[in-house]
Amino acid sequence: MTVAHRDGLALHFDCHGTTETLTLLNRHRFQASFPQVVAANGNAHDAADSPIWRRMNEFSHHGRTLPRSRFRVYRAIDLPVGEMQTGKHLPARSRESPADEYLEQAFIEKGLLLSRLIMVSNRVTLPAGVAAAGGLAVAISDVLRERSGVWFGWSGKISNRRSASPSVTTEAGVTYATVDLSEADHLAYYSSYANGTLWPLLHYRLGLIAFDHLAFDGYLKVNRNMAARLAALLQPDDVIWIHDYHLIPLGAALRDLGVSNPIGFFLHTPFPVAEVFCSLPRHEILLQAFGAYDLIGVQTPTDARSLASSMERVAVTPPGFGRRNRILPLPIGIDTANFAELARQGVRSADTSRLKSSLAGRDLIIGADRLDYSKALPNRFAAIAVLLTDWPETRSSFTYLQITPPSRSEVPEYQRLRRELESAAGRVNGKFAECDWTPIRYVNRTTPRSKLAGYLRIARVGLITPFRDGMNLVAKEFVAAQDPADPGVLVLSKFAGAAYEMNSALLVNPYDTHEIALAVRNALKMPLLERRKRWELMMDALQRNTVATWRDAFLRALTEAARPAISQPEPRVA
Ligand code: F6P
């Protein structure tokens, strides 16, 4: 037996076993994670000079067709290495049981470090590129900043030149692999199906759905093409994590190509109840596609129940390879400490000072959302009008800054919304403005995160009232950005996923403009003690569930679900 160790983690390898364990381990990560290996005779070797390392190289040089590695991971536990060599502290079970049983611990505890993480999302933010709008891109960047790997997806470019392989660039340990879309593919996959059909469906907006069979076929085709290009980059030890509704069929397309790696999927949007989802023509195909994943993460328990009940209506086939197909509610977090620091610094920036002095002592109410009908912006503007009408004493006492970068402007519904918002802001301002004050400042541009963080910190009220939202990371960022000594108040839609954790916010029904107006008025008047109490509870939740805990929980659950079942199958929703 040989022991590789690093810090408290030790892995035992039995060179006479016949399991496939080590083929799952990435050699380079092995060396990085376990600089030293202790052989059974007690001699210590540098990892690169150890018998295990040599065997790993031997196997990997022969590529995928070689017989499985003959090492067996016995156990990964925190024991002094000396004790582990004798094996005397291992429970009897661990000396006898097959490696499978201990893979879980080896992988789940720290062994996850040993596999390469492949993140897949529709959009990829290249290191030199402009950050994509929306929380997903930020979350993936945060995950990859701490844990290197590959980020695969659409380049954001439309090009009719066909290229079989993705463009690849590596920076700071992350490999970015991107593909362009042809004009026809972009129209069918992104504009028509993902954003013209799935997006309204997932947000309960049946009236806005445009279903077109050709667009659906185009969506499936792009997913198949992406699968072919991704499959060519994969190594046997990779763990694949696919994100969002654009790529629901990607896992199934990879399985069709013979990919047996663990594949997880995370849905960042809400998932509607089965009655709504199953009104989608050809919904069976998408529900079957969900079956290809070892793990499906969703934002809330409600989403998990809705997806499970939709899948129950269709006889969904599990991923195969003896593995589970689990659905788990795992609310996405933010990099709380980092964002709080960004806000602390941002407040001292010239931009924030400029904003502050322009307020002339008035309270700042702030909203920041992509231009999207799910965000209920016309209702927010209407609620401001109600506030100024029903509580005239609030006139001239605040400025509402709404930052709304345009998005999906090629989709007709978004073009209509843009026009509607411009005239709604104009109407409210025209009615209530004074010569030295306008109630609404509507900014239709992207604002860098560092700037936004400073703005959020000086705001008295965060006004975030979408009709539906998977999570809404801006709501979390607003909380993280606050000054603990004098925090602002979050007015939040009860239909945003964030409301589950941020339940000390003033929760409102986004359809009720009077309720929103009242909540804003209460927020403006809220005494410091109550503001602090509410903020502390929310900040506590944000510190417990960060983007790093979300990542680790997802990868742990994925590894567990992908481990070949050795006992009874578990229920689908955990
Ligand atoms: O959060 C949902 C989402 O669609 C993400 O997948 C995406 O990154 C973001 O909104 C922005 O949307 P788009 O890429 O269509 O501009």
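Q: Where is the kink in helix H7 centred, and about how big is it?

A: The kink in H7 is centred on Ala 194 and comes to about 40°, where the bend at a residue is the angle between axes fitted to the seven residues ending there and the seven starting there. Keep in mind that this is a predicted model, in which local features need pLDDT of at least 70 and side-chain atom pairs count only at pLDDT 80 or more, while totals for chains, interfaces and linings use all residues. Residues are numbered from 1 along each chain as its sequence is written, and side-chain values use heavy atoms, with hydrogens and water left out.

Q: What counts as a helix or a strand here?

A: Both are DSSP runs numbered from the N terminus, with helices being H or I of at least four residues and strands being E of at least two.

Q: OK, and how far apart are the end C-alpha atoms of H7?

A: Helix H7, residues 183-202, has 20 residues, yet its end C-alpha atoms are only 25 Å apart, which is short of the 28 Å that a straight helix would reach at 1.5 Å a residue; the expected span is 1.5 Å times one less than the number of residues.

Q: How many of the residues of H7 are buried?

A: H7 is mostly covered, with 16 of its 20 residues buried, and buried means under 20% relative accessible area, against over 50% for exposed and partly exposed in between, using a 1.4 Å probe and protein chains only. After H7 comes Tyr 204, which has a positive phi near 65°.

Q: How do E17 and E18 pair?

A: Strand E17, residues 461-464, pairs in the parallel sense with strand E18, residues 489-493, over four bridges, and Ile 464 stands opposite Leu 492 in E18.

Q: At what angle do H17 and H18 pack?

A: They pack at an angle of about 65°, with their axes 8 Å apart, and the crossing is right-handed. A crossing is left-handed if the near helix is turned anticlockwise from the far one by less than a right angle, and right-handed if clockwise. The contact, meaning heavy atoms within 4.5 Å, is made by Arg 449, Ala 453, Leu 456 and Arg 457 of H17 and by Glu 477, Phe 478 and Ala 481 of H18.

Q: And which way do H13 and H18 cross, left-handed or right-handed?

A: The crossing of H13 and H18 is right-handed; the axes of H13 (residues 336-346) and H18 come within 8 Å and cross at roughly 60°.

Q: What about the eight-strand sheet, what is its order?

A: The eight strands form an open sheet in the order E8-E9-E7-E6-E10-E11-E12-E13, with mixed pairing. Strand E10, residues 239-243, runs parallel to E11 and is joined to it by four bridges, with Trp 241 standing opposite Gly 264 in E11.

Q: Which residues of E11 are buried on each side?

A: In strand E11, residues 263-266, both faces are covered, as Ile 263 and Phe 265 on one side and Gly 264 and Phe 266 on the other are all buried. In a regular strand the side chains alternate between the two faces of the sheet.

Q: Last one: why is Tyr 373 classed as buried?

A: Tyr 373 is classed as buried because its relative accessible area is 8%. Tyr 373 is found in the loop between E14 and H15, and, not counting residues up to four places away in sequence, it touches several residues, including Asn 195, Trp 199 and Phe 467.

Terms used
Pairing = 2+ DSSP bridges. Axes fitted to C-alpha atoms, helices over the stretch in contact; angles between N-to-C directions.
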